[in-house]
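Me: I have a new structure to go through. Can you walk me through it in plain terms?

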Amino acid sequence: AKRSSKGGYEIFNDQFGTSIERRFQMLSELKFSIYNDELTCYYQPQYDYDKKAIVGFESLARWNSAKFGMVPPIQFIELAEETGFIKQLGRSVINQTFAFAKRIKNPGIRVSFNTSPVELMQADFTDYVIERFRYYELEPQSVAIEITESCLIESFDEVVKKLRILTDCGICVYLDDFGTGFSSLAYLKELPIHSVKIDKSFIDEIVSDKVGRDIVDMIIRLAHRLNLKVIAEGVETQEQAQCISDCGCSLIQGYYISKPVSGENAITLLDTLKTC
Ligand code: C2E
Ligand code: CA
Ligand code: CA
Ligand code: CA
């Protein structure tokens with residue numbers, strides 16, 4: 001506990017050094033953010049480096065709070081998860097993402113959105129996603145759900161069931177942050193996934209570190225062997241992009257191509273960077 005300016009005591013949450021009081025204020029602001037358009041999605045291109053074309057976008061939540069300024073996603077997502085508000089937040093993200101996907105007229109572009117384990121475990125999650133998918137009249141394979149390995153730890157069979165329901169309706173599944181979680185490779189073949197996303201922490205080292213590069217090379221071979229696509233995340237330089245391409249993976253996402261941008265600017269990017 002630390003003495004606050006008001007003379008009382010604030011209890012600090014270790015992870016972000018955020019006081020309980022501040023968290024409480026933040027949560028009430030966050031609840032309003034959905035109704036006053038403070039909570040929006042930005043979109044980061046996923047790019048085929050060999051074909052030099054955008055193949056998709058990842059939707060990333062942004063909260064520009066009138067009271068707190070730009071709050072980093074890790075911070076408000078965790079707050080939302082811990083307080084149960086993630087359900088409404090996730091629904092807002094799904095609606096914005098699907099509306100954006102609907103706006104894209106270029107064929108073959110896929111927009112992915114993130115899902116936390118808490119959302120996925122909601123009993124009505126798949127019903128909601130499918131209802132919205134139909135409401136927006138989206139083409140099969142035009143959207144993808146990104147899940148992390150942490151979704152799989154507790155109830156693997158149930159998660160697989162849910163993912164199958166989604167894939168049966170034409171929604172793709174990406175395994176996010178691949179390699180950072182509980183890395184039993186055996187479960188990969190049981191999952192109805194379309195792509196794995198190699199975490200930025202691996203990409204950071206590929207140019208400088210021979211062993212790091214061998215690991216990425218092995219992950220890519222394994223994934224391709226299992227008929228999965230691979231997207232390398234957090235690619236910041238041309239050297240990294242080339243290195244990944246040399247390992248046989250052409251799909252990249254990162255600041256080297258573009259930072260996440262507003263829906264409007266993402267549509268403009270589609271016209272400037274050519275698509276397939
Ligand atoms: P993530 O799903 O792994 O998303 C990738 C993160 O890396 C994003 O951070 C993105 O802006 C950042 N990034 C992309 N390329 C680069 C690069 O070249 N260099 C660097 N340094 N960073 C790059 P962001 O937007 O801050 O999101 C952080 C995390 O918050 C996400 O990690 C995801 O776990 C979570 N998140 C974001 N939006 C949502 C959402 O709508 N729902 C849920 N459940 N989680 C979300
Ligand atoms: Ca992601
Ligand atoms: Ca990721
Ligand atoms: Ca991550």
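**Starting at a calcium site**

Reply: The calcium ion (ligand 2) is coordinated at 2.2 to 2.3 Å by E58 (OE), N114 (OD1), E146 (OE) and D176 (OD). Donors are N, O and S atoms within 2.8 Å of the metal (3.2 Å for Na, K and Ca), and water is not among the atoms, so sites may look incomplete. This is a predicted model, where local features need pLDDT of at least 70, side-chain atom pairs count only at pLDDT 80 or more, and totals for chains, interfaces and linings use all residues. Residues are numbered from 1 along each chain as its sequence is written, chains are lettered from A and ligands numbered from 1 in the order in which they are written, and side-chain values use heavy atoms, with hydrogens and water left out.

Me: What spacing do the donors of that calcium ion (ligand 2) follow along the chain?

Reply: The spacing is E-x55-N-x31-E-x29-D. E58 lies in strand β6 (residues 53–65) and E146 in strand β9 (residues 143–148), so the pair ties together parts that are 88 residues apart in sequence. Helices (H or I, at least four residues) and strands (E, at least two) are DSSP runs, numbered from the N terminus.

Me: Are E58 and E146 buried or exposed?

Reply: E58 is buried, with a relative accessible area of 4%, and E146 is buried at 1%. Buried means under 20% relative accessible area, exposed over 50%, and partly exposed in between (1.4 Å probe, protein chains only).

Me: Which residue bridges the calcium ion (ligand 2) and the calcium ion (ligand 3)?

Reply: D176 does, and the two ions lie 3.9 Å apart. The protein donors of the calcium ion (ligand 3) are D176 (OD), D177 (OD), E233 (OE) and E233 (OE), at 2.2 to 2.7 Å. Their residues are spaced D-D-x55-E in sequence.

Me: Where do D176 and E233 lie?

Reply: D176 is in strand β10 and E233 is in the loop between β12 (229–232) and α9 (238–246), so the pair ties together parts that are 57 residues apart in sequence. Both D176 and E233 are buried.

Me: New topic. How many residues are in the largest nonpolar core?

Reply: It has 79 residues, and F57 and L175 have the most contacts inside it. Helix α3 (residues 86–103) supplies the largest share, seven residues. A nonpolar core is a set of buried Ala, Val, Leu, Ile, Met, Phe, Trp, Tyr and Cys residues joined through side-chain atoms within 4.5 Å. There is also a second, separate core of five residues, including A144, C172, Y174 and L251.

Me: What does L175 touch?

Reply: Not counting residues up to four places away in sequence, L175 touches residues including I147, L152, Y187 and V196. Contact means heavy atoms within 4.5 Å. L175 is found in strand β10 (residues 172–178) and is buried, with a relative accessible area of 0%. E149 is another residue it touches; the C-alpha atoms of L175 and E149 are separated by 7.0 Å, at 26 residues apart along the chain.

Me: And the whole chain? How many helices and strands are there?

Reply: The chain has ten helices and 13 strands. Its radius of gyration is 19 Å, close to the 19 Å that the globule rule gives for 276 residues, so it is as compact as a globular protein of that length. That radius is taken over C-alpha atoms, and the rule is 2.2 Å times the number of residues to the power 0.38. Of the 276 residues, 51% count as buried.
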